Amino acid sequence: MMKRKKALLIPFAGVIAAVVFVGMHYQEEQASIVTSSEQVTQTSTSSSEETLSPRTTTTVKMVKVYVNPALYDTDVESAADYVSVHETTASDSTVLTKLHRGEWATWLATEGDYVKVRADSGKEGYIPKDNAQIQEVSQTSAPRTLSELHIVLDAGHGGIDSGATSPDGSVYEKDLTLKTVKAVGKLLTENGVQVTYTRDSDEMLDLSEIVELSEAAQPDVFLSFHYDNFDTDNGWQGFTTYHYYQEGEALADLVSQDLGGKIGLSNNGVRTGNYYVIRENNQPVSLLLELGYLNSDTDLPLITQEDFPDKVAQGILTALTNYVAQNNA
């Protein structure tokens, strides 16, 4: 029933100046990641955590599904966006499932011209080697305290991409997401969480750059914040929590529950969302939040209240606190 925003699903074509600016921003973010990591190392030596052993990190082989861009249309979803997972290496064998381009699967073996993978659904089968980008991905054990938690916060849209707008054109999604992310980041930092931002000013980032920034940071959680528009004014309302991979569902449930108790919007629940920044991110605990509709007479007055970002921040902090406790129960 909801309108899918193209800006979330396909990378921007961009302009030369924007690309140069994004490249500079990426270098700056790398420096900030190193600085943040040093701060976390110092925090972990506090008296309350001296007994904790270091978190363990392992490296696993993963497969990112590749489809030749010449074969699909970035504006229209079609069968060309998917790669079939076959039961055997025979091309006419049973199709067990299909994987979207950019989706991640676990590498199991390479056999001739085929790669055996385990899909997020748990099904195991074969895809052509030409469709498999094999990469080594670092995975770290679950954080035991908030100060061990590292999160990437993404403010959707920015710069020349305003995102959704209010009916009178006075409210832009890009401004709301940035205010929200800053409020969330401030509260999380005050509670010991290590925070990395994809953007902290009014700038446009290509979707692929957002994913690259997240993967370079190697966070425990990735959260992308958005606001929405429906096809017709007052056609829909409320907030929705999206995940792509099953591993993100537990946090999605907590975020949905704890935000629902704070922000006053109707809760549309947890859904699977085929959005670029959470599909192509090798951190499976990646969520995209749609925090209400700008063309809803019910949502807009709430969304634009001065303290709305702080309410979102309180909900996110509660959810992350419960998430850490849940993982260590």
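Accessible areas come from the Shrake-Rupley method with a 1.4 Å probe. On that basis, the accessible surface of this protein comes to about 15,000 Å², and 49% of that surface belongs to carbon and sulfur atoms. The structure is a predicted model.

**Confidence**

The average pLDDT of the protein is 88, and 85% of the residues score at least 70. Residues 1-49 have a pLDDT below 50.

**Overall make-up**

The protein has 329 residues, and buried residues make up 48% of them. Its secondary structure consists of eight helices and 13 strands. Taking contacts between residues at least 6 apart in sequence, 77% join residues at least 24 apart.

**Two helices in contact**

Helix H3 covers residues 173-190 and helix H8 covers residues 308-327. Their axes lie 8 Å apart, and the two helices pack at an angle of about 45°. Because of this angle, H3 is oblique to H8. The crossing of H3 past H8 is right-handed. On the H3 side, the contact is made by Lys179, Thr180, Ala183, Val184, Leu187 and Leu188. On the H8 side, the residues involved are Pro309, Asp310, Val312, Ala313, Gln314, Ile316, Leu317 and Leu320.

**Two single residues**

Thr318 is placed in helix H8. Leaving aside neighbours within four places in sequence, Thr318 is in contact with Asp258 and Lys262. Thr318 and Asp258 are 60 residues apart in sequence, while their C-alpha atoms are 6.5 Å apart in space.

Asn131 sits in the loop between strand E6 (124-128) and strand E7 (132-140). Not counting residues up to four places away in sequence, Asn131 touches Lys64, Val65, Tyr66, Val67 and Val83.

The table gives the relative accessibility of both residues.

| Residue | Relative accessibility | Class |
|---|---|---|
| Thr318 | 27% | partly exposed |
| Asn131 | 19% | buried |

The classes follow from the cut-offs: buried means under 20% relative accessible area, exposed means over 50%, and partly exposed lies in between. Asn131 has a relative accessible area of 19%, so Asn131 is buried. Thr318, at 27%, therefore counts as partly exposed.

Methods. Residues are numbered from 1 along each chain as its sequence is written. This is a predicted model: local features need pLDDT of at least 70, side-chain atom pairs count only at pLDDT 80 or more; totals for chains, interfaces and linings use all residues. Side-chain values use heavy atoms; hydrogens and water are left out. pLDDT is the predictor's confidence in each residue, from 0 to 100. Contact means heavy atoms within 4.5 Å. Helices (H or I, at least four residues) and strands (E, at least two) are DSSP runs, numbered from the N terminus. Buried means under 20% relative accessible area, exposed over 50%, partly exposed in between (1.4 Å probe, protein chains only). Axes are lines fitted to C-alpha atoms, for helices over the stretch in contact, and angles run from 0 to 180 degrees between N-to-C directions. Angles under 35 degrees count as roughly parallel, over 145 as roughly antiparallel, 65 to 115 as roughly perpendicular and the rest as oblique. A crossing is left-handed if the near helix is turned anticlockwise from the far one by less than a right angle, and right-handed if clockwise.
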